[in-house]
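Subject: Structure handover

Hi,

Here is the structure for you to look at. Please open it first, then read my notes below.

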Amino acid sequence: MEPLLKITDLSVSYGHVEALRGVSAQVREGQIVSIIGANGAGKTTLLRTVSGLVNARAGSITFQGRPLPKKPDKIVGAGIVHVPEGRKCFSGLTIRDNLLVGGYLFRGKKLEEDLAEQYQRFPILEQRKDQFAGTLSGGEQQMLAVARGLMSRPKILLLDEPSMGLAPIIVNQIYDLIREIHDSGITVLLVEQNAAMALGVSDYAYVLENGRISLSGSGEELLGSDEIRKAYLGG
Ligand SMILES: Nc1ncnc2c1ncn2[C@@H]1O[C@H](COP(=O)(O)OP(=O)(O)O)[C@@H](O)[C@H]1O
Ligand SMILES: [Mg+2]
């Protein structure tokens, strides 16, 4: 079966900096796939290219067997939704308004139902819906960023370092949430420096080093690999 998302020989440069060099990766429907790599490896660039925020120098991306739409809003409309690195909540907007931004493609169409669904999933967001997003803790802002993404009705959710800067107990909550979202039928492409957490939930994973895929395998295989243990799991 054709993968849901297929990235082939993708190269991206920022001026003279080659951020991605010939990257190929696939995500099948219903999987959690992760891309692990150190700071600067090119993880964010990869997600931003899939979202249409950065142009590739070479290579191709297909979604559901068709070339990716050109414009970011059309890409969201096709079902590819990006939760950016560092959450990027609108701190001066209320929590409710942050969620409505995520639902802007569905104005008038079941918007209130979609909001209610997120409030049910995240009671803390409902309790605080009229407060500014900037008053939330880091973990709560990550939840808001994910909820905002879900308001766009993703087929595939792209998550950029959801564990960054969060205490271990909160990281566990975020990963429970990722499993739950996946179990609800949404495919997930995750990028992380936190290899142990990402590999633990992944059906398949790729290691990105200096813009190239150096290794790939099932989450379990990579967790068991000596090379990965030394380089990414603290020995
Ligand atoms: N807007 C940009 N302009 C120039 N260089 C960039 C830009 N964004 C990222 N880079 C460079 O591209 C490389 C990959 O960065 P990035 O995709 O952010 O990696 P990661 O998310 O894995 O930390 C790095 O060398 C980084 O310095
Ligand atoms: Mg990054």
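The notes below go from the whole chain to one strand, then the core and the ligand.

First, the ground rules. This is a predicted model: local features need pLDDT of at least 70, side-chain atom pairs count only at pLDDT 80 or more, and totals for chains, interfaces and linings use all residues. Residues are numbered from 1 along each chain as its sequence is written, while chains are lettered from A and ligands numbered from 1 in the order in which they are written.

**Whole chain**

The chain has 10 helices and 10 strands. These are DSSP runs, numbered from the N terminus: helices are H or I with at least four residues, strands are E with at least two. The C-alpha trace spans about 45 × 40 × 35 Å along its principal axes. Of the 235 residues, 40% count as buried. Buried means that 20 or more other C-beta atoms, placed from the backbone, lie within 10 Å of the residue's own.

**Strand β3**

Look at β3 (residues 32-36). 5 of its 5 residues are buried. Ile-32, Ser-34 and Ile-36 point one way, and Val-33 and Ile-35 point the other way. Which strands pair with it? β3 runs parallel to β8 (residues 187-192), joined by 5 bridges. Here Ile-35 stands opposite Val-191. β3 also runs parallel to β9 (residues 204-209), with 4 bridges. Ser-34 stands opposite Ala-205 there. Pairing takes at least two DSSP bridges between the strands.

**The core**

The largest nonpolar core has 63 residues. Such a core is a set of buried Ala, Val, Leu, Ile, Met, Phe, Trp, Tyr and Cys residues joined through C-beta atoms within 7 Å. Leu-144, Ala-147, Leu-157, Leu-158 and Val-188 have the most contacts inside it. Helix α6 (residues 138-150) gives the largest share, 6 residues. Val-188 touches Ile-32, Leu-157, Leu-159, Ile-178, Ile-181 and His-182, leaving out residues up to four places away in sequence. Touching means C-beta atoms, placed from the backbone, within 7 Å.

**Ligand 1**

The shell around ligand 1 includes Tyr-14, Val-17, Gly-40, Lys-43 and Thr-44. A residue is near the ligand if its C-beta atom, placed from the backbone, lies within 6 Å of it. β2 (17-27) and α1 (43-50) each give two or more residues to this shell. α1 gives the most, with 3. By type, the shell has 4 nonpolar, 6 polar and 1 charged. Asp, Glu, Lys and Arg count as charged; Ala, Val, Leu, Ile, Met, Phe, Trp, Tyr, Cys and Pro as nonpolar; the others, Gly among them, as polar.

Best wishes

Methods. A residue is buried if 20 or more other C-beta atoms lie within 10 Å of its own, exposed if 12 or fewer, and partly exposed in between; C-beta atoms are placed from the backbone. Two residues are in contact if their C-beta atoms, placed from the backbone, lie within 7 Å.
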